[in-house]
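Please open the model in your viewer and keep the sequence panel beside it.

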Amino acid sequence: MVDGVSVPKNIVLIGFMGCGKSTVGRELQQRLGYPLVDMDSLIEQRTGKSIATLFSELGESGFRDLETQLLEELYAPEAPRRIISTGGGVIVRPQNRTLLRQLGYVVWLQAPVGTILDRTSRNRDRPLLHTDDPRARIEALLTERTPWYRETAHLALDTRGLDSGEISTGILESARYFFTGHA
Ligand code: S3P
């Protein structure tokens, strides 16, 4: 129980673009057998539009509205346990930060700027990085967002040197401990 409210046993992955949320989400799905909700993919499926198209048609704030609506929907009292992989900017809104913590155990995946740059440069589907100097944009966004990731997460996990299996094992062990304390 947290503040008299029982915490649903979801595992929620947050972190900057390119920190491995989707890959680790799939690994956790296989290990636990829980359904995986990849928020970006679900928003794309439901709207029939890519994230880049949604950003250009609705602006960033319209896209954030879609994220908030989805988080509210995921917080349904009778919802099954899930792995929830979020988009990197979901923590920008205070309302979302509260919703994320209510959803379950929140894990913040961290990676060095060089790794983020390398992974995100392999495709063009991140509109916020469509700039002449993606490294500077990544550094600025990380500076702005780090306090919000910290505030939202129950666990911060530096993924440097770890593969997705090792990261998942760490998450599962600490999630078990967390949920035992919040039964
Ligand atoms: C965003 C991260 C992206 C996607 C959108 C905005 C962000 O998700 O939601 O491009 O603001 O950091 P990933 O973290 O899965 O790349």
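Select Arg-64, whose side chain reaches the backbone oxygen of Gly-89 at 3.4 Å, and then Glu-67, whose side chain makes a polar contact with that of Arg-64 at 2.8 Å (a pair of N or O atoms within 3.5 Å, one able to donate a hydrogen and the other to accept it; residues adjacent in sequence count only if both atoms are side-chain atoms). This is a predicted model, in which local features need pLDDT of at least 70 and side-chain atom pairs count only at pLDDT 80 or more, while totals for chains, interfaces and linings use all residues. Residues are numbered from 1 along each chain as its sequence is written, and side-chain values use heavy atoms, with hydrogens and water left out.

Arg-64 lies in helix 3 (helices are DSSP runs of H or I with at least four residues, numbered from the N terminus). Arg-64 counts as buried because its relative accessibility is 4%, the limit being under 20% relative accessible area with a 1.4 Å probe and protein chains only. Displaying its surroundings, residues up to four places away in sequence not counted, shows that Arg-64 touches Phe-55, Gly-89, Val-90, Arg-93, Leu-128 and Arg-145 (contact means heavy atoms within 4.5 Å).

Next select Phe-16, which, leaving aside neighbours within four places in sequence, is in contact with residues including Lys-21, Gly-88, Leu-109 and Arg-145.

Finally, colour the lining of the largest pocket, to which helix 1 (21–32), helix 2 (39–47), helix 3 (51–74), helix 5 (113–120) and helix 7 (164–181) each supply at least two residues.

Conventions. Buried means under 20% relative accessible area, exposed over 50%, partly exposed in between (1.4 Å probe, protein chains only).
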